[in-house]
Amino acid sequence: MTSGLWELVLKGIWTTVQLLVFSSLLAAAVAFVAGVARTHRLWIVRFLAGLYTEVFRGTSALVMIFWVFFVLPIAFGWQLVPMWAGTLALGLTYGAYGSEIVRGALKAVDPAQQEGGIALSFTPWQRMRLILLPQAVPEMIPPFSNLLIELLKGTALVSVMGMGDLAFSGNLVRLALQESTEIYTYLLLIYFAIAFLLTRVMRGLEKKLKAGVGKAPARGVSVKDELTRPQRTGVGGGGGAS
Amino acid sequence: MKWDWNAVDGFMPYFWDGLLVTLQALVLGSLISFALGLVWALLMRTPSRWVRWPVGVVTEFVRNTPLLVQLFFLFYVLPEWGLTLSALTTGVIGIGLHYSTYTMQVYRAGIEAVPAGQWEAATALNLPVARTWRVVILPQAIRRVVPALGNYVIAMLKDTPMLMVITVLEMLGQARLFSQQHFQFTEPLTVIGVAFILISYLASLLLRALERRLVH
C-alpha cells in the first residue's frame, strides 16, 4: 500500500474514533437519564422512559441510521451534518441498551441502603446522587465495557451512508488496489486493536471505581451473568470480559 | 411532514419479499451459530492448550470486530480464493460465524452450570466421555441456555439489515431500492422500522413464554 492510501486509512481511523467518542458520550448521557427515569415514582415518567427503551432496542441500528439520514430531513426539515446524524442514531440506539444496564445496577443495590437514606431524611435526588449511584456505577462498568465494544462495531455502519470512517476508507482502498485480502485483514486488525485498547481502559476504570467503594473487580464471568447478558446489553457482548 | 399511504401500498409487495429473505437469513444464520457455537464451546474444553489457545484467539477476534467488515471480507475475499458463493449464502455464513462466537459463551456458561455431581455420577457409572456429554451433560446444559440463545436470535434479526451491503435484498435492501426508484424515503423506511420493532417485540414475548416453560 502506498503512503497516500495509508493516509486515507488514518483519516478513517480518526473519523471512527471521533464518532465513537461522541456517540458513546451521548449514549452514556441518555442511558443514565432513561435508566434513572425508569426508577422514578411517577408512572408516566417510567412509562415514557420504558417506551423509549423498547422502541430503540427493538429496531436495528442500521435502519435507525437510514431513518436519521433520509427521513429526518424530509419529514422534519432537519438536515444534520453526517457526523451528528451518525452520533444521534448510534447514541440513541446504544443509549437504550445502556439504560437497561443502569436500571439493573440501580436495582441491584441493597434495598437497606435506600431505606437508610430515607431514615436519614435524604431527598430522593440526594439518595440517588450520594447513596445509589456511587455504589451502582462501579457495577455498571463491565457491561458498559461490552456495550462500548458493540458501539465500536456499530460505528462501521455509518460507512453505508458514505461517511469516511475506517470501513469506508477500507472500501476506497480496495477499489484503488483491487486487493481485498490485504486491506480487509488490516481493517479487521485495526478494529481489533481499538477494541482491545478499550477493554484495557475500561478494566482500569473498573478497578479504580471499585477500590473507591472497597471492592475488587470480580474474577472471570459468573455463569448467571453470562446467561442473562443478552437481556442486559441487548446486543450480545462477550467483549473482553472473558 | 407528509405521509403517503399510496407509497405504503406500493411498497408492501416488496416488503413481503424482503421479509421472506430476512427470515431465511435469520433461520439459517441461527442454525449455523447454534451448531458452530457448540463446536467452539466443546473445543474450549479439550485438555490440550494447542487447541484451546487458537480457538480462543480466533473467536475473540471475530467477536470484537465489526460484522460489516467481516461481511465485506467474505464477499470480496472468498471469490479471490476461488470460492464463489451467492450473496445470501455469504451473508448467512457471516452472521452465523459472528454470532457463534457469542453462543459459544452461552454454551460455556450452560455447561459450567451443570452440577459437579452429574460429572461424578457419570464417572461412577463408568460412562465413556462421549456418552457422558451426549446423554448427561449437554441435555441439561442446553435446556438451561435456550432462553439466552433466543435472545441472540433477536440480536441477529437486528443485524440482518447489514446483508444489504453485500447486495442481499432483505427488508432494508428492498426499502432502499424502492425509495431510490420512487423518491419516497419516509414511508418504506418507517414501515420496516415498525416491522423490526414488532417482530422483535413478539419474539421476546414468545421467548419469555418459552423461558417459563423450560426453566420452571
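For "transmembrane region", which residues of chain B does UniProt list? Please describe these spans closely, together with the chain that holds them and the side of chain A that touches chain B.

Mentor: The model is predicted, and the spans themselves come from a record. In an unreviewed entry, UniProt lists residues 20-43, 81-99 and 189-210 of chain B under "transmembrane region". Two of these spans can be compared with the coordinates. Residues 20-43 of chain B are 100% helix and 0% strand, and their end C-alpha atoms are 34 Å apart. Residues 189-210 of chain B are likewise 100% helix and 0% strand, with 31 Å between the end C-alpha atoms.

These spans belong to a chain whose secondary structure comes to 8 helices and 0 strands. Along the sequence, chain B accordingly reads α-α-α-α-α-α-α-α. Its C-alpha trace spans about 70 × 45 × 25 Å along the principal axes. Of the 216 residues in chain B, 42% are buried. When contacts in chain B between residues at least 6 apart in sequence are considered, 78% of them join residues at least 24 apart. As to confidence, chain B has a mean pLDDT of 91, with 99% of its residues at 70 or more. For the complex, the predictor gives an ipTM of 0.89 and a pTM of 0.88.

The setting of chain B includes its partner. Contacts between the two chains involve 38 residues of chain A and 42 residues of chain B. On chain A, helix 2 (43-58), helix 3 (61-76), helix 6 (124-155), helix 7 (166-177), helix 8 (180-212) and helix 9 (223-233) each supply at least two residues of the side that touches chain B. Helix 3 of chain A gives the largest share of that side, 9 residues. By class, the side of chain A that touches chain B comprises 25 nonpolar, 10 polar and 3 charged residues.

The unreviewed UniProt entry gives residues 12-37, 49-70 and 183-201 of chain A as "transmembrane region". Residues 12-37 of chain A are 100% helix and 0% strand, and their end C-alpha atoms lie 37 Å apart. For residues 49-70 of chain A, the figures are 91% helix and 0% strand, with the end C-alpha atoms 25 Å apart.

Helix 8 of chain A links this account back to chain B. This helix has 33 residues and reaches 48 Å from its first C-alpha to its last, close to the 48 Å expected at 1.5 Å a residue. Its buried residues include Ile183(A), Leu187(A), Tyr191(A), Leu198(A) and Glu206(A). The cover over the buried residues of helix 8 of chain A includes helix 6 and helix 7 of chain A, together with helix 3 (67-80) of chain B. After helix 8 of chain A comes Gly214(A), whose phi is positive, near 70 degrees.

The C-alpha atoms of Leu147(A) and Tyr97(A) are separated by 7.9 Å, although the two residues are 50 residues apart along the chain.

Conventions. Residues numbered from 1 in each chain as written. Chains lettered and ligands numbered in written order. Predicted model: local features only at pLDDT ≥ 70, side-chain atom pairs only at ≥ 80, totals over all residues. Contact = placed C-beta atoms within 7 Å. Helix = DSSP H or I, 4+ residues; strand = E, 2+ residues; numbered from the N terminus. Nonpolar A, V, L, I, M, F, W, Y, C, P; charged D, E, K, R; others polar. pLDDT = per-residue confidence, 0-100. Expected span 1.5 Å × (residues − 1). Buried ≥ 20, exposed ≤ 12 C-beta atoms within 10 Å, placed from the backbone. UniProt positions renumbered as here; feature names shortened; annotations may be inferred.
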